[in-house]
Amino acid sequence: MRNYICTLNEAVERKHVRYNNRYGFALAGDLYTAKDMDKNSKYPAVVVGAPYGGVKEQVAGLYSQRMAEQGYICLAFDAAYQGASGGTPRNTDKPANRMEDIRRAAAILLQ
C-alpha cells in the first residue's frame with residue numbers, strides 16, 4: 001500500500017505515470033480506472049489535484065478511486081514542488097505552475 005491512505009478497491013486499477021510540464025518539471029501521477037472498462041470505449045475523465053501540502057496518495061487518490069468505481073478515468077497528481085514531482089524549492093506552491101500542471105494533466109488524459 002506504501003504511502004496511500006486507503007486500500008485500493010479490487011475493482012479499480014491504479015497505474016503510476018510520469019510526464020513533464022512545459023517548464024520541464026517531471027510530474028508524478030496515478031491514473032485510476034475500473035478494471036473492467038472497455039479499452040475501446042470513451043469514458044468521462046477528471047483531473048484531481050491535491051490541495052497545498054497534499055499529495056496524490058492522500059485525498060486526491062481517495063477521490064480518484066471512488067470516481068473510478070463509478071466509471072470515470074481519473075488522474076491524481078503531485079503538483080510541481082510537491083510529493084514525487086520535481087521542482088525546487090520543495091513544498092512551494094506557485095499558482096502559475098499549478099495551473100500549468102492541471103493543463104498538462106488534462107492533456108495527458110486526452111492522449
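**Exercises on cavities, salt bridges and cores**

Helix α1 contributes three residues to the lining of the largest cavity, the most that any element gives. Helices (H or I, at least four residues) and strands (E, at least two) are DSSP runs, numbered from the N terminus. This is a predicted model in which local features need pLDDT of at least 70 and side-chain atom pairs count only at pLDDT 80 or more, while totals for chains, interfaces and linings use all residues. Residues are numbered from 1 along each chain as its sequence is written, and side-chain values use heavy atoms, with hydrogens and water left out.

**Exercise 1.** Describe the largest cavity by its volume, its lining residues and their classes.

Solution. Begin with the terms: on a 1 Å grid over the protein atoms alone, a cavity is a set of points where a 1.4 Å probe fits but cannot get out, a pocket is an open set with protein on both sides within 12 Å along at least five of seven lines, and lining residues have an atom within 4 Å of a point. Grid points are joined across faces, edges and corners, and a volume is the space filled by probe spheres set on the points.

Step 1: a search of the whole structure gives one cavity of 30 Å³ or more, and the largest cavity holds about 40 Å³ of space.

Step 2: the residues that line the largest cavity are Tyr4, Ile5, Cys6, Arg14, Tyr32, Lys56, Glu57, Gln58, Gly61, Leu62 and Gln65.

Step 3: sorted by class, this lining has five nonpolar, three polar and three charged residues, where Ala, Val, Leu, Ile, Met, Phe, Trp, Tyr, Cys and Pro count as nonpolar, Asp, Glu, Lys and Arg as charged, and the others, Gly among them, as polar.

**Exercise 2.** The structure holds five salt bridges; examine the one between Glu69 and Arg66 and the one between Arg98 and Asp93.

Solution. Step 1: the side chains of Glu69 and Arg66 meet at 3.4 Å, N to O. About one helical turn separates Glu69 and Arg66, because they are three residues apart in helix α1.

Step 1: Glu69 is partly exposed, at 31% relative accessible area, and Arg66 is also partly exposed, at 41%.

Step 2: the side chains of Arg98 and Asp93 meet at 3.2 Å, N to O. Here Arg98 is buried, at 15%, whereas Asp93 is partly exposed, at 34%.

**Exercise 3.** List the residues of the largest nonpolar core and find what Leu75 is in contact with.

Solution. A nonpolar core is a set of buried Ala, Val, Leu, Ile, Met, Phe, Trp, Tyr and Cys residues joined through side-chain atoms within 4.5 Å.

Step 1: the largest nonpolar core has ten residues, namely Val17, Tyr19, Leu27, Leu75, Phe77, Ala79, Ala80, Tyr81, Ala105 and Ile108. Two or more of its residues come from each of β1 (12-20), β4 and α2 (95-110).

Step 2: another core, of nine residues, lies apart from this one and includes Tyr4, Tyr32, Ala60 and Cys74.

Step 3: contact means heavy atoms within 4.5 Å. With neighbours within four places in sequence left aside, the contacts of Leu75 include Val17, Tyr19, Val46, Val48, Ala105 and Ile108.

**Exercise 4.** Describe the largest pocket by its volume and its lining.

Solution. Step 1: the volume of the largest pocket is about 440 Å³.

Step 1: its lining has 17 residues, of which Leu31, Met37, Ile73, Leu109 and Gln111 lie nearest its centre.

Step 2: at least two lining residues come from each of β1, β2 (26-34), β4 and α2, and by class the lining has ten nonpolar, three polar and four charged residues.

Conventions
A salt bridge is a side-chain nitrogen of Lys or Arg within 4 Å of a carboxyl oxygen of Asp or Glu. Buried means under 20% relative accessible area, exposed over 50%, partly exposed in between (1.4 Å probe, protein chains only).
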